Amino acid sequence: MKNAISLTQNNLAEIATHITSPTYSRNDLEIGIVHVGVGGFHRAHQAFYTNKLQETKNANEWAICGVGLREGDRKIYDVLKKQDGLYSLIIKHPDGNIETSIIGSIKDILLSVDDPKAVVQRMANPQTKIVSLTITEGGYNFDASTGEFNFNNTDIQHELQNPDDPKTVFGYLTAALKKRWDSALPAFTIMSCDNIEHNGDVTQKMVMSFAKKQNPDLAQWIENNVSFPNSMVDRITPVTTQADIEYLEKEYGLKDEWPVTCEPFIQWVIEDDFSNGRPELEKVGVQFVPNVKPYEKMKLRLLNAGHSVLGILGALHGHQTINACMEDATFVKYLRTFMDIEATPTLDQLEGIDLDTYKDSLEARFANPNIKDSVSRICSESSAKLPKFLIATLSDNLESHNSIEFATLVIASWCYYSDKQLNKDGQPIEVIDAMAKELHEAAKQTSSDPLSFIKQKSIFGNLADNERFANQYKEKIAKIYNDTDIKKHMKEMI
Ligand code: CS2
């Protein structure tokens, strides 16, 4: 085989002869969006839609500058820098069909730890109209038990004293907005694309809490000028594997060091509330609605919670992927029963959306055999995800005296998983979680205090004080600690 060709702007004309590639002139693009958190999801979703819009040849002012705020972003920064922001998107259909295209909407990339000033300048640049975020559920710096901004964070304390030396997303946003205000430039929109119910409202609350403490006058200007649209984002994007990189080399002779793979399904519903203009994304299938909240809730409580149900129970059982769970009839039935009797009663009816059809489509998406989404990706950062995906549903069901059994078994399994870090066959489970240590410590106490795990207030709030939940939880804990055959317990319930 002749040497593979590297994915760069210079090689793009040649690559375009055999892979779908941008037909618009990337040189003519101006950066209108600064995006913080250029992971796989952003590249499969917002950058994909933006590229599609740029293909209409009428959206030159909306190129993206990716920003990494953590040292851990160095690898993606290095790759995208080397590849001039280009990457391949590999869409894997359930029937085995694969569509590959080169995405060109990311024009530049910055790493704040190397050049913090450049990040502030880019956000403050007159061309920048939107700063969008995928900083993960844990990135919003709020205390899950109080819902308030966490001022104890040492980086936040540093930024409050040193507004010119930002560290977190909050410091960068306020530093850039201050510059815009000083230069009489319009504010940018802050658009969260994370899986949090009311993501725009939460972002606004966090930014405002921080800004009020840092500079009350600036906070007032932000309040009057910045909009924070809520949005629901959706596309399953598994972790890229070495096999994906090799596929491109073998199939196309292309050397792409960090392609992204995803499912064919994609959805983005946003509130049409932008302070400084927006791309005409409705032309490429994005839905703009006055109130996105019912959509967010439906997606988080069915898709994301459904993922967590399969992921945690699947990890204990020893399934490696979400599609392997969906090949197991017990898991399929358990998931559907959870969705029907615990998640659905907490949802609002949405005009034009039939919830049964939506749930059927989720089952089909989870079952896509080519996505091979690992349960370890789903279980990662459960301490940040579960309060939003599952615990909120459980609390609602406690209030309405509805079933809580299915969610409770998942939480008890999560305790066992955090305690033993083994599946039912004694194989190790790697816990990837910013709170892994705390989770382990709390779970370890279960033998002396069966409620120790759910007494972690930053995750569960005051739920351990709820008698009905505490009793159910104790019962499930006893079952799992007695017999780790999780499928047996699931079968008893369906
Ligand atoms: C997943 C999500 O992180 C998770 O646990 O549920 O990443 C999910 O795949 C996306 O939200 C799909 O849109």
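**Exercise 1.** Which residues in helix 11 meet which residues in helix 16? Describe the packing of this pair in the predicted model.

*Solution.* 
- Locate the elements. Helix 11 covers residues 293-317, and helix 16 covers residues 382-399.
- List the contacts. From helix 11 come L300, R301, N304, A305 and S308. They meet S382, K385, L386, K388, F389, L390 and T393 in helix 16.
- Sort these residues by type. The contact divides into five nonpolar, four polar and three charged.
- Two packed helices are described by the angle between their axes and the distance between the axes.
- Apply them. The axes of helix 11 and helix 16 come within 9 Å and cross at roughly 125°. That angle makes helix 11 oblique to helix 16.
- Helix 11 passes helix 16 in a left-handed crossing.

**Exercise 2.** Find which members of the largest nonpolar core touch the most other members. Then find which helix gives the most to this core.

*Solution.* 
- Start with the core, which has 134 residues.
- Pick out the members that touch the most others: M123, L173, I312, L313 and V410.
- Turn to the helices. Helix 11 gives the most, with twelve residues.
- Beyond four places in sequence, L173 touches V131, I190 and V207.

**Exercise 3.** Is I5 buried or exposed, or in between? Trace its contacts.

*Solution.* 
- Count neighbours. I5 has 16 C-beta neighbours inside 10 Å, so it counts as partly exposed.
- I5 and E249 are 244 residues apart in sequence, yet 8.5 Å apart in space, C-alpha to C-alpha.

Key. Residues numbered from 1 in each chain as written. Predicted model: local features only at pLDDT ≥ 70, side-chain atom pairs only at ≥ 80, totals over all residues. Buried ≥ 20, exposed ≤ 12 C-beta atoms within 10 Å, placed from the backbone. Contact = placed C-beta atoms within 7 Å. Core = buried A, V, L, I, M, F, W, Y, C linked by C-beta atoms within 7 Å. Helix = DSSP H or I, 4+ residues; strand = E, 2+ residues; numbered from the N terminus. Axes fitted to C-alpha atoms, helices over the stretch in contact; angles between N-to-C directions. Parallel < 35°, antiparallel > 145°, perpendicular 65-115°, else oblique. Left-handed = near helix turned anticlockwise from the far one by under 90°. Nonpolar A, V, L, I, M, F, W, Y, C, P; charged D, E, K, R; others polar.
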